[in-house]
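The sequence and structure come first.

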Amino acid sequence: MFSTFTSRLHGILFAIALTVGAYLITFIPGFQLVSVLLLAIVLGILMRNVGFIPDSCSAGLTYSSKTFLRVGVVLLGLRLAIPDILELGWGVLFIIAVTVLSTYLVTLWCGRLMGVAHNSRMLIATGTAICGASAVAGMSAVLEKKDDSEEDVESSATTAIACVTLFGTFLMFLIPALAVQFGLSSEQAGVWIGTSIHEVGQVVAGAGFIGTDVVATATVTKLGRVVLLAPLVAYVGYRQGQEKARRGVSSQKRPPLLPLFVVGFLVAVFLRSVLTYMGFDGVLSSVLRGAEVLSTVLITVAMGAMGTNVHLRKIMTTGLSAVVLGAVASVVAAVVSLILVLVVM
């Protein structure tokens, strides 16, 4: 056991160093709004493609990209309290569900027509429909390379995170400006921002351009989207297991209906919901905030480790169509959610 730990230590420390570097970059003027997850994965790519990663790091980087990712996604569940989300009302919940489902399915359909690789279109669809880079990370944990023509999950995740970060940042400025221009109420603006912008941080920043009352509505609406990450990941994981069985891959155990980290995510959501219902979340606010920070750090470490498995020559040949798909997905999310807000609210 000790020898296993030591064989992984160099790679784990390397991934942590990438994370520290990513956070330090966010202190540079002009980089404050750039996703730290994107910065970590870019640093990992750079280190790989300049040949700066020792062979002794391989085992630890693989461990970091998988185990740290799963633990980070589990802790992400502590952000979500079902009572808070239910307070939005059934109309807003309907808007969230239809927007997420429409964005996901239309993105997959368009990606297939455009010839975008399976894993890339899955991750772009999930990241745009659910919660940006965190959703990409969660979905990448259950995807795998289908065949020799399919790109690696790490390359797909890199492309998807770049797309959702780029277009999420663009929408962060555009949607609030349009909400004011269209004369939407504070509640309507909050719901539109929460259902159309990709990252939680981008939603908070975008809503903040209008006012604090919009921030509250937009944030809870956004977290309503995040709740849907677990069933979506579970469904995709189950379907992949069924496909393996049909292809005659019988050497592996039958996959569980829910991956263990998804079960952990749901348990974390349940725990936070109970604490909120009993009124304890305020007392434990520092603990919950610490868990949220730790979740972001662990997912960032995993993304940095993923970046070290990406070879730029491969991604440059497939990146353009994926970027176009990311733009299409973002437009779908923004338009569908606006129409629903105007009709339902």
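Contact means heavy atoms within 4.5 Å. By that criterion, and leaving aside residues up to four places away in sequence, Gly-307 touches Ile-41, Gly-44, Ile-45 and Arg-48. The model is predicted, so local features need pLDDT of at least 70 and side-chain atom pairs count only at pLDDT 80 or more, while totals for chains, interfaces and linings use all residues. Residues are numbered from 1 along each chain as its sequence is written, and side-chain values use heavy atoms, with hydrogens and water left out.

Gly-307 and Gly-44 lie 263 residues apart in sequence, yet their C-alpha atoms are 4.3 Å apart. Gly-307 counts as buried because its relative accessibility is 0% (buried means under 20% relative accessible area, with a 1.4 Å probe and protein chains only). Gly-307 belongs to helix H14.

Helices here are DSSP runs of H or I with at least four residues, numbered from the N terminus.

| Helix | Residues |
|---|---|
| H3 | 58-76 |
| H8 | 153-181 |
| H14 | 285-307 |

The axes of H3 and H14, lines fitted to C-alpha atoms over the stretch in contact, come within 7 Å and cross at roughly 155°. H3 is therefore roughly antiparallel to H14 (angles over 145 degrees between N-to-C directions). Residues making this contact include Leu-61, Phe-68 and Gly-72 of H3 and Leu-294, Leu-298 and Ala-302 of H14.

H8 has 29 residues and reaches 40 Å from its first C-alpha to its last, close to the expected 42 Å, which is 1.5 Å times one less than the number of residues. Just after H8, Gly-183 takes a positive phi of about 70°.

Methods:
Helix = DSSP H or I, 4+ residues; strand = E, 2+ residues; numbered from the N terminus. Buried < 20%, exposed > 50% of the residue type's maximum accessible area, 1.4 Å probe, protein only. Axes fitted to C-alpha atoms, helices over the stretch in contact; angles between N-to-C directions. Parallel < 35°, antiparallel > 145°, perpendicular 65-115°, else oblique.
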